[in-house]
Amino acid sequence: MQLTLKSVSYVYNSDAVEPRYAVKDVSFTLNKGEFVGLIGHTGSGKSTLVQFLDGLLKPTSGQVLCDGEDIFEKGYPLRELRKKVGLVFQYPEHQLFESDILKDVCFGPKNMGCSQEEQLERAKKAIALVGLDESYYTKSPFDLSGGEKRRVAIAGILAMGPDILVLDEPTAGLDPAGRDEILDQVERLNKEEGIGVVLVSHSMEDVAERTDRILVMSGGVLQYDDTPRNVFRHREELAALGLDIPQVTDICHTLRDKGFDIPEDILTVAEAKEEILKVLKKS
Amino acid sequence: MIRDITLGQYYSVDSVIHKLDPRVKLVFTILYIVSLYVGSGVWCYVYAAAFLGLVIILSKVPVKFMVKGLRSILFLLVLSACFNLFLVDGNVLVKFWIIRITDNGLRTASKMVIRMVFLIMGSSLMTLTTTPNDLTDGLEKGLGFLKVIRVPVHEIGMMMSIALRFIPILIEEVNKIMKAQMARGADFETGGLIKKAKAMVPLLIPLFISAFRRASDLALAMEARCYHGGEGCTKLHPLQYHTRDYVAYVILILYLVSMILLGKLLG
Amino acid sequence: MKIIDILHLIHEYKVYDDDEQEVGSVRALNDVTLSLEEGSFVVVLGHNGCGKSTLAKHLNALLLPTEGMVYVCGNNTQEEDDIWKIRKNAGMIFQNPDNQIVGNVVEEDVAFGPENIGVPTEKMVKRVTEALKKVGMEAYRLNSPNQLSGGQKQRIGIAGMLAMRPKVILMDEPTAMLDPSGRKDVLNIVHELNKKEGMTVVLITHYMEEAVDADRVIVMDGGEIKMDGTPREIFSRVDELKNYRLTVPQVTELAWELKKEGVDLPDGILTKEELVEALCSLH
């Protein structure tokens, strides 16, 4: 499955003399199985963009194409699209409402019109995918810890069998171990299940370590659309947009400035360690 | 955006009426409504209209905002006018099929319409010139005498003010939850009444849970900030009467007395 | 001088079944003894559910000990008559900025605390102005809190606390729901209050970066204090931290990894500058 945004814009006050753009002329294509990071400030247009992908918000101008078809064309089955594109909002645990976890995860498949057996089958598979076992089925979602609740909410989307999973800051408010658990889970879904992922995040370290491609939004405009290595090469330009680069990338940039012979596109602690050791051995 | 909406319909402009103490405006509204009922007859209404017109001019609020308030009750107005018009007995003026209009009916109908229009304009003038906060304060202080008969005036005021603060937040929350459930394939638009009502469950339960969580958080935060009811509290902006407020009271009383006299003279 | 003294504090939450019958209790704090110096900046770390929030609530008498004693500015939290003195002296900031703002106008919210403790009107106006100035929010004095960003709301929360002129600032994950720029703003303000006004700060967080500039770091797990020391001491024990479901900033991790490989670096490197300097001297 392929999802394409074709010069989409979103204007807040379209009647005003000076319209305010939340998103301005953004184009990109999401391909099957990609792991994409979406970064930018609060108010950079990320959240608006994310809602286009699921057809929850209609751009003021431009097109959103799913396998070549315009999703805002009259008669396009938006509910079919929402099966294929799973959108997980910020603090998704706030959408849980059923008395037990299995029922809650069934909500999506039920809305899709699946039979009772298929609902259960999908729900059980999804719960297993987020790393929770059978003992959770009959628990109330409100008795779980924050991290577990969030995983149940993600399972609720996975049960619909999406090709692309869009996650808006899935680690907000969790502790470090909880953050890693969720991200490991998401990475596994991408690597093992082949589900495409769009990860909206404020953490440069997370997107650098895990994604194949990064989209950088600033002031409603798509500033960069490239691999993490290429994006984080632009230390100064990103700083001008008020965005950081991963701490370890920053260290390597600085060491380079001080005469160390190491590449400037280091993304992880492990890589940095190797390169620094190489340099130290030489000297 | 939703967060920008102000509750009530405060129209922000600097005028004498805006500056008046909310208690004065509260009393004004009540007395004005009373005045509409003590005097009847064309001249009384002209007098009431002139007085209201004067206050509107002083308030600097464009008349179209008053009219807006009327539009929402237009249906009610027409309906009750019709009832009076067609059902009140009296000397028949027009007769048409089963419909007949009597002189008494016409009189009561027009009386009622005039009173209602003035009533709505008078009270929307209060909400247009007073911020919801001031209004809450005014109610709390102005109705303070009710404490004697154990009406929890302070608590009611506090609840109103917290409601004002949290309603926009909860409206935004409804929006968010609705979108989240739509992403899970929920359908809030199609189907009959029962299906639609059922579709509300995934919306309402998370909303209530969130509201309760917020309430318990807020209670804790208020306690941490030494909240212990209204006893021994001071105010950042205590309501204080100024000269203009006393003048306003005098004018109000003069207006009411003259209205009663006018009603007596003509009636 | 000790401003907070905790002696053998035990806290147990009662557990109820569906019929509201007491069926047992959970120990959230287990024999905690701790005293904090006046004017110090203390960061409490620990994963969700480790007891750190419970501890914070004891410090301004929102919770009372099951066993043991808590003294704040010399007052015992179990003396009912002193409860308002304690809450006035130890102000608290919570995680969700929305749920601690009471007023419909910024200045009214800031005045809420002083109103409750009966500060006369003339003095109150001065206090509100002062407090807003300290958090850099004077320009928003007459705004509705609903128009502010998360970081700005949290600053209003701090101003509301400052207007009560407390000696201790207690913060329970104040930055968990904020974006990076909001987080920076809040931290800068708190550090400034600590340095310039000599206020004691107790900051509970699970962002490790926020602990780097503290005077003292306390790590909690299972309701007990497990580690207690300067940031440098704590962050040199990376293995132990990982045990408690915590991580370290990338700089510290890189330095630790390099040290394991035999590179001669000092213990507990906390900042990029330190690491770069140490590496350059080896180069």
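Leu93(B) touches Ile101(B), Thr102(B), Asp103(B) and Leu106(B), leaving aside residues up to four places away in sequence; contact here means heavy atoms within 4.5 Å. Leu93(B) is found in strand S1 (residues 92-96) of chain B. Helices (H or I, at least four residues) and strands (E, at least two) are DSSP runs, numbered from the N terminus. Between Leu93(B) and Val55(B), 38 residues apart along the chain, the C-alpha atoms are separated by 38 Å.

This is a predicted model, in which local features need pLDDT of at least 70 and side-chain atom pairs count only at pLDDT 80 or more, while totals for chains, interfaces and linings use all residues. Residues are numbered from 1 along each chain as its sequence is written, chains are lettered from A and ligands numbered from 1 in the order in which they are written, and side-chain values use heavy atoms, with hydrogens and water left out.

Two residues stand out by their backbone angles. Most residues other than glycine have a negative phi. Lys60(B), which is not a glycine, has a positive phi of about 65 degrees. Its place is in the loop between helix H3 (42-59) and helix H4 (63-71) of chain B. In chain C, His8(C) also has a positive phi, near 45 degrees, and His8(C) is found in strand S1 (residues 2-16) of chain C.

Within chain A, a pair of helices can be followed. Two packed helices are described by the angle between their axes and the distance between the axes. Helix H3 (residues 101-111) and helix H4 (residues 116-129) of chain A pack at an angle of about 115 degrees, with their axes 8 Å apart. Axes are lines fitted to C-alpha atoms, for helices over the stretch in contact, and angles run from 0 to 180 degrees between N-to-C directions. On the H3(A) side the contact is made by Ile101(A), Leu102(A), Val105(A), Cys106(A), Pro109(A) and Lys110(A), and the residues they meet in H4(A) include Leu120(A), Ala123(A) and Ile127(A). By class, this contact has 9 nonpolar, 1 polar and 3 charged residues. Ala, Val, Leu, Ile, Met, Phe, Trp, Tyr, Cys and Pro count as nonpolar, Asp, Glu, Lys and Arg as charged, and the others, Gly among them, as polar.

Side chains of opposite charge can pair when their charged atoms come close. Arg184(B) forms a salt bridge with Asp104(A), the closest N and O atoms being 3.1 Å apart; a salt bridge is a side-chain nitrogen of Lys or Arg within 4 Å of a carboxyl oxygen of Asp or Glu. This pair crosses between chains, from the loop between H8 and helix H9 (193-199) of chain B to helix H3 of chain A. Over all chains, the structure holds 47 salt bridges.

Next comes the interface of chain B and chain C. Here 30 residues of chain B are in contact with 41 residues of chain C. The area buried between them is about 3100 Å², of which carbon and sulfur atoms give 52%. Buried area is the accessible area (1.4 Å probe) that two parts lose on being put together, summed over both. Arg165(B), Arg225(B) and Leu236(B) supply 29% of the area that chain B buries against chain C, more than any other three residues. Arg225(B) also forms a salt bridge with Asp109(C), with the closest N and O atoms 3.4 Å apart, and the count between the two chains is 3 salt bridges. On the side of chain B that touches chain C, 16 residues are nonpolar, 6 polar and 8 charged.

Finally, chain C meets chain A through 29 residues of chain C and 33 residues of chain A. These chains bury about 2800 Å² between them, 64% of it on carbon and sulfur atoms. The count of salt bridges between chain C and chain A is 6. In one salt bridge, Lys272(C) pairs with Asp250(A), the closest N and O atoms being 3.1 Å apart. Helix H6 (180-196), helix H9 (250-260) and helix H10 (272-282) of chain C each give two or more residues to the side that touches chain A.
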